[in-house]
Amino acid sequence: MPVPYAPKVSLTDAEQCRLESLVRAYSTPQALSFRCQLILKAAAPERPSNLQIAKELNCDRHTVGRWRSRYLDQGLSGL
């Protein structure tokens, strides 16, 4: 049964800075950069759905849900 709302992602200032720096760094692998962008969008104040994030990043909503869940469970090491 689908969950009507995606779990809320809230970031501390330190976590947000770390994710943003990973996205900006040229040495960050593309896959990790993509996942960091996804988490940053999921933590936005307007709480976008997985579908909205997926449309913005041109990926599947299940991908967004998977990485959102992994980040909530394991933090940055889950990405």
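This is a predicted model: local features need pLDDT of at least 70, side-chain atom pairs count only at pLDDT 80 or more; totals for chains, interfaces and linings use all residues.

Colleague: Where does Ser-77 lie?

Modeller: Ser-77 is in the segment that follows α4.

Colleague: And is Ser-77 buried or exposed?

Modeller: Exposed, with a relative accessible area of 67%.

Colleague: How far is Ser-77 from Gly-65 in space?

Modeller: They're 17 Å apart, C-alpha to C-alpha, and 12 residues apart in sequence.

Colleague: Let's zoom out. How many helices and strands does the protein chain have?

Modeller: Four helices and zero strands. Reading from the N terminus, the order is simply α-α-α-α.

Colleague: What are the dimensions of the C-alpha trace along its principal axes?

Modeller: About 40 × 25 × 20 Å. The radius of gyration is 12 Å, which agrees with the value near 12 Å that a compact globule of 79 residues would have.

Colleague: How much of the protein chain is buried?

Modeller: Buried residues account for 30% of the 79.

Colleague: Which residues touch the most other members of the largest nonpolar core?

Modeller: Leu-19, Leu-38, Ile-39, Tyr-71 and Leu-79, out of 15 residues in that core. The elements giving two or more residues to this core are α1 (13-24), α2, α3 (50-57) and α4 (61-74). The largest share, four residues, is from α2.

Colleague: I want to hear about α2. How far does α2 reach from its first C-alpha to its last?

Modeller: 18 Å over 13 residues, close to the 18 Å expected at 1.5 Å a residue.

Colleague: Which residues of α2 are buried?

Modeller: Ser-33, Cys-36, Leu-38, Ile-39 and Ala-42. What covers the buried residues of α2 includes α1, α3 and α4.

Colleague: Okay, charges now. How many salt bridges does the structure hold?

Modeller: One. Lys-41 forms a salt bridge with Glu-56, and their closest N and O atoms are 2.8 Å apart.

Colleague: Why does that pair tie together parts that are 15 residues apart in sequence?

Modeller: Because Lys-41 lies in helix α2 and Glu-56 in helix α3.

Colleague: How exposed are the two partners?

Modeller: Lys-41 is partly exposed, with a relative accessible area of 27%. Glu-56 is exposed, at 53%. The cut-off for exposed is over 50%, so Glu-56 counts as exposed.

Colleague: What else is Lys-41 in contact with, leaving aside neighbours within four places in sequence?

Modeller: Besides Glu-56, Lys-41 is in contact with Pro-48, Ile-53 and Leu-57.

Colleague: Last one: among contacts between residues at least 6 apart in sequence, what share join residues at least 24 apart?

Modeller: In the protein chain, 51% of those contacts do.

How values were computed
Residues are numbered from 1 along each chain as its sequence is written. Side-chain values use heavy atoms; hydrogens and water are left out. Contact means heavy atoms within 4.5 Å. A nonpolar core is a set of buried Ala, Val, Leu, Ile, Met, Phe, Trp, Tyr and Cys residues joined through side-chain atoms within 4.5 Å. Buried means under 20% relative accessible area, exposed over 50%, partly exposed in between (1.4 Å probe, protein chains only). The expected span of a helix is 1.5 Å times one less than its number of residues. A salt bridge is a side-chain nitrogen of Lys or Arg within 4 Å of a carboxyl oxygen of Asp or Glu. The radius of gyration is taken over C-alpha atoms; the globule rule is 2.2 Å times the number of residues to the power 0.38.
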